[in-house]
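Good morning, everyone. Let me put the structure up, and then I will walk you through it.

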Amino acid sequence: MVARRTACPLDCPDGCSLEVEVVGDRLVKVDAAPADGADNPLTQGFICAKVKCHAERVFGPDRVLTPLVRTGPKGSGQFRTASWAEALDLIVERVTDAAARFGPGSVVPYLYNSSGGMLAKKGLTPLLWQAFGASEVEHTICAATACNAWELVLGDLPGADLLDVVHSRLVVVWGANPSISNTHFPPLVQQARRDNDATLVVVDPRRTGMAKRADLHLAVRPGTDVVLALALGRWLRDHGGVDTAFVEAHAEGVDEYLAACEPWTLGRAADECGVDAADIERLGTLIADEQPAFWRVGFGMERNRNGGSSHRAVLALAVLAGSFGRRGSGVHLHTGHSIGWDADALADAVLGPPGEPGSLGRHHARVLNQNQLGADLTEATLDPPVSVLFVQGANPAIMNPAQAKVQAGLARDDLFTVVHDQVLTDTARFADVVLPATTHFEADDLAKPYGAYTAQATPAVIPRVGESRTNDELAAALAVRLGYPADRFDPSPGRLLGLALAASGGSPAVDPPGRVLFRDVFPDTPGGRAQLIASLDGVAPAPEYRPPGAARPLTLLTPANHHTINSMFGELGAVSADVRMHPDDARERALADGDRVAVVGDAGGAAAVEVVTTLRIDGDLRPGVVMMPKGAWSRASGGGLGANAFAPDALSDLAGGATFNDARVEVTAAE
Ligand SMILES: Nc1nc2c(c(=O)[nH]1)N[C@H]1C(S)=C(S)[C@@H](COP(=O)(O)OP(=O)(O)OC[C@H]3O[C@@H](n4cnc5c(=O)[nH]c(N)nc54)[C@H](O)[C@@H]3O)O[C@H]1N2
Ligand SMILES: Nc1nc2c(c(=O)[nH]1)N[C@H]1C(S)=C(S)[C@@H](COP(=O)(O)OP(=O)(O)OC[C@H]3O[C@@H](n4cnc5c(=O)[nH]c(N)nc54)[C@H](O)[C@@H]3O)O[C@H]1N2
Ligand SMILES: [Mo]
């Protein structure tokens, strides 16, 4: 047995420091690096249950071990094994043919890799497809709305350091569920409560793990946060709660913003948000009186039509209250791009400096919105059509909005689909060619989590499983076959990391942890001031509220769960596709726990869809809200469609973001 150090690059804020045990070629145990000496102090000597089981996934029955070529109907998952050479030749033939017939824009690389390291995400693959002039699929499915709102208000200000919450007197968790999606944060909040008698407030339609422990929980109706935040702005103004010294020094647009708050009296806001006016007032008093205050803002609040406005309004509230300038204050959404990754240097080395002889193209034929893949695959009018779909590090068959449309598109006979993944996902079952990908235990990379101020090496700790290749190795092999210079597309991790990190001396330049916002670091906005009013084409100057649609009576939320990271680990079977409902809603429908039920909805303009599943009664939901987990594989619901069949492909109010939580459904007893 050998113990080795690495880190977890999965799509999670925490980015844990890991210690793994290896016997021969096999990974046998994955656990936290010991608390003393871990590169990432946020790890605190423990990791989540999912990643503890990661060895099971690496060697699991669903692992793709060789290239596969489709033999059965699309979606059936019937394949024969193939050599890498055969698979690559086939892909290049189809890619070249599509470009000749419809232009390079008909090749659509759907690259996400949010659970991969920096090279897996930002290495050779996007550069290859730029050189080719393929379409770009813009990353809008997650974080685009919230991050754009942050930029509008706070520019490039980094998020407050999660470790600093131990110094806070007030902790506001708004639209985030750290007990599940950022598990190293709650113990720090408990420490603040113990040591400083800190008050904890949670704003979430569900009584989450943290809400159960909170001093105050506002179970808002989904999508109404903007109203709550505007009403609190008004309340602060009327009760001397605006930190005038702070806003005079550090904020722009305050008067105009407060004028936009004017219509939202406590009573009106209470009605719209479905909470007690007294609770709104209690939160106002806490925000006005308790400092330092730490705001943990999450992505749950962005996934609806008002996501951008809600995020802007909550940030504006923290600004009005002056929740900055002291240790233990500030807002955390994520830690930003604080790593010194020089994407231009990497692109110049691979593609050649722009304009120089021999340099390769850098232009995508067009930009497609990730949330509307289903429409792009199925609408006959798209010009050029999607002829080749190259999916890497993503599972759109179950994770995208308008799932029925996505699956209908993936089933198209005239579409050639390549999927490069570690396991035979629901998307891979639709592929013409499946290619085996390495896990981060099998190849060198660098992990940069979005909730911790750290970057950690993830060296290979075991040999390759099967014939798996890294994303960069696949890009290199395709590049050579497409006629691009092999030396420029040399995929060795040392070379690529060296190029991207040259500007910071070869190792990542992580922002110093523990910086206090508006004391040690300021936004790059005009005057370094927070902007409460936006001046951007197509964006309302002040946050705006759009009432939710009411086509069906229940709002379906699909948040993160304990058993999966997005859809990863879903193959291990622990996540069910059950639908959860408040006892009052169940009583009204004469339904009981364990009943077989039909969830009915419609998404993306498609005909009504129905998913039959099991009902669970759950008093932690607010009435009118039902829940299914995100990331369940189709096998969890007996094949076919799941929660994402109900997710609309309409876009949010900012940055073309996803509106998963605008899903509206009805639940009835199954026939
Ligand atoms: N275990 C685990 N951890 C994960 C992930 C995972 O799948 N599993 N996924 C990772 C990824 S990709 C991401 S983006 C993050 C996401 O993690 P979070 O930022 O926590 O986002 P969600 O889980 O989508 O939702 C968080 C909470 O928002 C609530 N919510 C929903 N709608 C609204 C609303 O309109 N207003 C308010 N105030 N609250 C609302 C939900 O009930 C939920 O409790 O987690 C990461 N971490
Ligand atoms: N209903 C609903 N749907 C949602 C959400 C929601 O809140 N509700 N949330 C959305 C969010 S927050 C997100 S981030 C998206 C995520 O959506 P996706 O990115 O489509 O889903 P993942 O499960 O993260 O898919 C990642 C895949 O990449 C593979 N993989 C991991 N590392 C590598 C690598 O290095 N190379 C290659 N080639 N493959 C790799 C994994 O095996 C996995 O199959 O889903 C969104 N979908
Ligand atoms: Mo995400």
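Buried means under 20% relative accessible area, exposed means over 50%, and partly exposed lies in between, with a 1.4 Å probe and protein chains only. Strand 9 spans residues 199-203, and five of its five residues are buried. Helices (H or I, at least four residues) and strands (E, at least two) are DSSP runs, numbered from the N terminus.

A word on the source. This is a predicted model, where local features need pLDDT of at least 70, side-chain atom pairs count only at pLDDT 80 or more, and totals for chains, interfaces and linings use all residues. Residues are numbered from 1 along each chain as its sequence is written, chains are lettered from A and ligands numbered from 1 in the order in which they are written, and side-chain values use heavy atoms, with hydrogens and water left out.

Step back to the whole protein. It has 22 helices and 26 strands. Its C-alpha atoms fill a box of roughly 70 × 65 × 55 Å along the principal axes. Of the 671 residues, 60% are buried. Take contacts (heavy atoms within 4.5 Å). Among those with a separation of 6 or more, 76% join residues 24 or more positions apart.

Next, one residue in a helix. S309 is found in helix 15, residues 307-320. Is S309 buried or exposed? S309 counts as buried because its relative accessibility is 5%. Leaving out residues up to four places away in sequence, S309 touches V226, P543, E544 and D653.

Last, V23. This residue sits in strand 2, residues 17-23. V23 has a relative accessible area of 43%, so it is partly exposed.

That is the tour. Thank you.
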